[in-house]
Amino acid sequence: MRIVKFLAAALLTCVLAVLANTHQPLGFPLPATGPLFSPFTGFWQNADPVETGTDWALPAFPGLHSPARVAYDERMVPHIFALNLHDAAFVQGYVTARDRLWQMDFTTRAAVGRISELIGERALEYDRTQRRKGMLLAAENALKAWSRAPDELEVLEAYSEGVNAYIGSLRPADYPLEFKLMGYAPEAWEPLKCAVFFKFMAEKLCFRSYDIPATNTFNLLGEELFAQLFPEYNPRQSPVIPETVAWDFEKLPLEHETPASPEMMSDLILHRQLPQAPEGIGSNNWAVSGSKTASGRPILCNDPHLELNLPAIWYEVQLSVPGMNSYGVSLPGIPGIIIGFNENIAWGVTNVSHDVLDWYEVKWADKAKETYFYGGEKKAVSYLVEVIKVRGRDKPVLDTVKYTAWGPVVYEGEGPEQDMAMHWVALDAPEDKPFYEIGTFLRLMRGENIDDYTEALKAFESPAQNFVFAGKYGDIAITVNGSLPLKRKEQGRFVQDGSDPDNAWYGFIPRNQIPQVRNPERGFVSSANQNSTGPDYPYYYNGKFDNYRGRYINRRLEEMKNITVEDMKGLQLDNYSILGEEGAPVLLALLDSTASTLRTHPDVEALRQWDFRFDKEKTAPVLFDRWLNEARRLTFDELYSLSDSVEVIIPEKWLLLSLLRNRPDHVIFDLQGTEKRESASDVALLALEEVMKEEPAEDWGAYKNTHIGHLARIEPFSTGFLDVGGFGDAPNAIKETHGPSWRMIVELGDPVQAYGVYPGGQSGNPGSPYYQNMVRQWAAGEYNELFLMYGPGDQRQPVRLVAEFEPGE
């Protein structure tokens with residue numbers, strides 16, 4: 001053991017030597033190196049040996065009501081057994097903090113704009129933006145609501161007590177390495193931080209908006225051309241809810257049914273977009289009924305696609321109390337299990353992708369910007385003074401944020417025009433109800449059937465998720481679940497007049513009318529961030545939707561019979577893309593209509609033989625990706641040429657392919673700056689000629705350059721290059737830094753059989769063998785069997801060690 005610890009310490013010594021000899025390797029000055037290299041408090045205290053089966057010696061915990069036990073399996077997944085939910089939450093908080101304390105602390109600081117406290121001036125603008133979004137206010141509103149549900153508040157408080165019990169056991173020498181590197185100490189945990197983490201996930205999943213660039217683009221192109229280039233529905237779409245589902249309800253009438261129109265600005269809007277989620281990320285989930293499986297049992301699958309970081313976003317855990325025995329993944333900072341299963345049901349989530357954030361131009365009523373016009377009257381703003389502490393400054397930075405009826409004024413300039421307020425559903429204070437989001441997952445964890453699933457979803461508001469379900473009694477279902485705004489047609493596509501109250505949402509779609517389906521005739525349900533419904537759904541919604549993964553998954557599930565778990569693994573790992581299937585033949589046909597000698601180029605010939613799979617060793621997908629992207633850039637050159645100066649939107653790839661295929665003489669193919677009027681064939685050829693000037697094609701894995709970075713961008717704590725296939729528009733949606741963050745497959749038999757993997761490890765300590773031990777498995781498409789223990793003495797699989805938690809004074 002001493003040798004293992006010595007080797008780990010030696011490795012970390014080398015890492016720190018590199019860091020210490022690199023100019024600001026983390027983007028900020030390193031702390032004083034004396035404490036960092038101290039043999040008593042420094043980084044080598046973080047060397048984490050492989051656990052050998054020796055049980056922990058823990059103190060008594062005053063916060064516990066009864067004894068609890070944690071059995072760690074061979075991957076150091078904690079299986080928590082307690083006599084009540086309070087104690088289970090306490091222990092979950094403790095063991096999560098033991099493995100992920102720095103991640104929990106840093107993420108919640110970042111979410112609410114507190115990074116300048118740690119790294120100084122360079123984070124000031126980031127912090128200012130987070131404050132102007134109202135992230136802390138959103139968390140405070142959520143916690144106020146959660147506190148009205150006594151069982152949820154008890155769980156949040158117990159979880160926080162567990163985290164703090166672990167923090168209280170630490171000496172500075174025991175702090176996770178990143179605290180030492182960045183020169184700060186962990187803060188006490190509280191339920192508000194749980195709410196902050198939840199809103200951090202909402203920001204990742206439902207903060208996307210295109211109002212500003214869409215308004216600019218509309219004003220540049222005019223109504224007719226804009227309508228041609230930006231239709232709201234792809235006619236080839238395969239929506240989440242099958243188009244055979246009838247909407248058997250009476251639509252709520254809206255006070256105004258006239259379609260919304262863009263706020264006509266005197267000039268283009270010069271504000272830059274707030275950071276948005278990258279294009280082409282998403283998630284998959286589906287459930288197949290026993291009528292389609294070889295075993296006759298339902299199978300549920302889920303793989304949420306998120307930014308890939310170390311420590312990993314997910315933390316595996318089992319929580320068992322009388323009446324509940326559940327396994328899955330949690331978010332480090334939130335009690336309970338987000339995606340998982342028990343002995344009766346399984347559930348998973350993907351992002352709904354509806355637009356739930358709108359921008360409003362504020363019409364000021366005075367030069368001081370203290371009042372604004374609203375409904376024909378002057379209305380006073382309210383103020384929130386944000387105090388931003390900055391490392392290296394003697395005094396904090398004060399930023400006064402104005403709040404309107406819509407929400408915070410995020411964009412405010414010197415002049416009277418183009419100041420904009422934001423209405424984001426995640427900022428809304430939830431209404432009174434019996435339970436809230438934490439209660440949703442608690443009810444799913446102890447759910448027994450489809451009715452329990454339906455009841456659990458009633459309280460979940462944001463971020464809206466496609467909740468998929470399968471139960472051992474044979475039911476499957478999917479629900480487009482959350483607070484979905486009631487809008488008139490095209491409302492929210494563009495910046496709106498903030499002086500007109502009629503531009504507000506009309507409430508939310510009633511819960512009994514949101515898109516959902518149980519046990520469809522086709523024998524499966526699925527979602528991949530595509531449109532929730534076909535165009536016949538009675539209510540209008542807009543957003544950014546997938547156009548390829550959902551279509552392919554539905555196609556394959558429709559074709560498949562006698563499905564096995566291995567078949568489902570194959571579909572999750574499938575690199576086939578309908579974008580390639582539809583796009584490559586279009587580009588090749590246009591090339592063949594020319595006399596270019598490139599028609600017989602070896603790379604082009606390879607593309608003709610391509611099977612539309614984005615496998616890591618292939619070169620054809622590299623040419624296709626480059627060619628299609630360059631054709632898009634040339635086709636929409638007028639918009640791309642403006643994108644450095646003003647925000648615009650670019651038509652989607654499916655629309656480009658439709659124009660290339662069906663309207664090759666459309667005026668949009670005419671390049672600016674040339675005398676000739678170009679056609680689709682000209683654009684395809686010019687794009688290919690441009691691509692051929694680039695370096696010879698690498699294989700797809702090298703071109704894509706997938707890697708998993710450390711959360712604080714500390715390169716030695718990252719994975720480096722991962723040679724994997726996948727594509728954003730394939731089921732296996734691995735991109736450069738995004739991809740399947742958790743793969744799970746559950747067959748609801750007796751007993752339940754479940755498999756899963758995520759790209760990381762249970763520990764957040766870079767010196768631990770469990771820091772990234774599952775990355776190789778994930779990259780190779782391998783899965784771990786998920787061990788749902790029936791009790792703390794279950795010996796069906798090896799247990800590495802046991803920790804006993806005892807109550808005390």
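Angles under 35 degrees count as roughly parallel, over 145 as roughly antiparallel, 65 to 115 as roughly perpendicular and the rest as oblique. The model is predicted: local features need pLDDT of at least 70, side-chain atom pairs count only at pLDDT 80 or more, and totals for chains, interfaces and linings use all residues. Residues are numbered from 1 along each chain as its sequence is written, and side-chain values use heavy atoms, without hydrogens and water.

Helices (DSSP runs of H or I, at least four residues) and strands (E, at least two) are numbered from the N terminus. Helix α3 (residues 85-111) packs on helix α9 (residues 191-206) at about 70°, with the axes 9 Å apart. Axes are fitted to C-alpha atoms, for helices over the stretch in contact, and angles run from 0 to 180 degrees between N-to-C directions. The two helices, α3 and α9, are therefore roughly perpendicular. Contact means heavy atoms within 4.5 Å. Thr-107, Thr-108 and Ala-111 of α3 meet Lys-193, Val-196, Phe-197 and Phe-200 of α9.

Ten strands form an open sheet with mixed pairing, in the order β21-β19-β18-β10-β9-β8-β7-β2-β1-β30. Strands pair if DSSP finds at least two bridges between them. β21 (516-518) and β30 (799-805) are the edge strands, each with a single partner, so one side of each lacks a neighbour in the sheet. Within the sheet, β10 (residues 345-351) and β18 (residues 465-471) run antiparallel, joined by seven bridges. Gly-348 has Val-468 in β18 as its bridge partner.

Helices also cover this sheet. α3 lies across β1, β2, β7, β8 and β30, at about 160° to β7. Helix α13 (residues 450-457) lies across β18, β19 and β21, at about 5° to β19.
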